[in-house]
Amino acid sequence: MDVINTLGRRKTAIARIYLKSGNGSITVNKRDFKEYFPTGTLQFVVEQPLQLTSNLEKYDIKANLDGGGINGQAEALSLAISRALCEIDAEHRPVLKEKGLMRRDPRMVERKKPGQPKARKKFQFSKR
């Protein structure tokens, strides 16, 4: 099997992964993913596509994460892994799609408007 290269995005985070057959190691920015994502919730988010398709010990993943926060990076990585698994075997797609792992989450931060302190907050109104 060749190396499969896919991309995942969430908010402003971008995950570029290289997936190849191996023993199940996940490396993120040259560190182990359990060290990079310290909380169990984020580790679950990253491993979820592999667990659903029962490929947890089959592939080695090398990921480059850039931008965003830690939560957005974890979800971007999850999307990239899901896309790579679908590239390997199209049979995985319905299982991943059912859990919502094949959809790029379009929600972004709303921009700040002029004449306001934040996106929707207004300056305090003074009648007198």
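## A guided tour of the predicted model

Begin by selecting R104: leaving aside its neighbours within four places in sequence, R104 is in contact with R9, R10, K11, L79 and R83, where contact means heavy atoms within 4.5 Å. The model is predicted, so that local features need pLDDT of at least 70 and side-chain atom pairs count only at pLDDT 80 or more, whereas totals for chains, interfaces and linings use all residues. Residues are numbered from 1 along each chain as its sequence is written, and side-chain values use heavy atoms, with hydrogens and water left out.

**The segment after α4**

Keep R104 selected. R104 lies in the segment after α4 (93-98); helices (H or I, at least four residues) and strands (E, at least two) are DSSP runs, numbered from the N terminus. R104 counts as partly exposed because its relative accessibility is 28%. On this scale, buried means under 20% relative accessible area, exposed over 50%, and partly exposed in between (1.4 Å probe, protein chains only).

Is V109 buried or exposed? With 76% relative accessibility, V109 counts as exposed. V109 and A13 are 96 residues apart in sequence, and from C-alpha to C-alpha they are 12 Å apart in space.

**The largest pocket**

Select R9, R10, V45, Q48, E75, S78, L79, G100, L101, R103 and D105, which line the largest pocket. On a 1 Å grid over the protein atoms alone, a pocket is an open set of points where a 1.4 Å probe fits, with protein on both sides within 12 Å along at least five of seven lines; lining residues have an atom within 4 Å of a point. The volume of this pocket is about 160 Å³, a volume being the space filled by probe spheres set on the grid points, which are joined across faces, edges and corners.

Which element gives the most to the lining? It is α3, with three residues. β1 (4-10), α2 and α3 (70-88) each supply at least two residues of the lining. By class, the lining has three nonpolar, three polar and five charged residues. Here Ala, Val, Leu, Ile, Met, Phe, Trp, Tyr, Cys and Pro count as nonpolar, Asp, Glu, Lys and Arg as charged, and the others, Gly among them, as polar.

**Two helices side by side**

Display α2 and α3. These helices pack at an angle of about 10°, with their axes 8 Å apart; axes are lines fitted to C-alpha atoms, for helices over the stretch in contact, and angles run from 0 to 180 degrees between N-to-C directions. α2 and α3 are therefore roughly parallel to each other, a term for angles under 35 degrees. The residues of their contact divide into 10 nonpolar, three polar and one charged.

**A residue with positive phi**

Finally, select S54 in the loop between α2 (40-52) and β5 (59-66). S54 has a positive phi of about 50° although it is not a glycine. S54 is exposed, because its relative accessible area is 55%.

Conventions. Angles under 35 degrees count as roughly parallel, over 145 as roughly antiparallel, 65 to 115 as roughly perpendicular and the rest as oblique.
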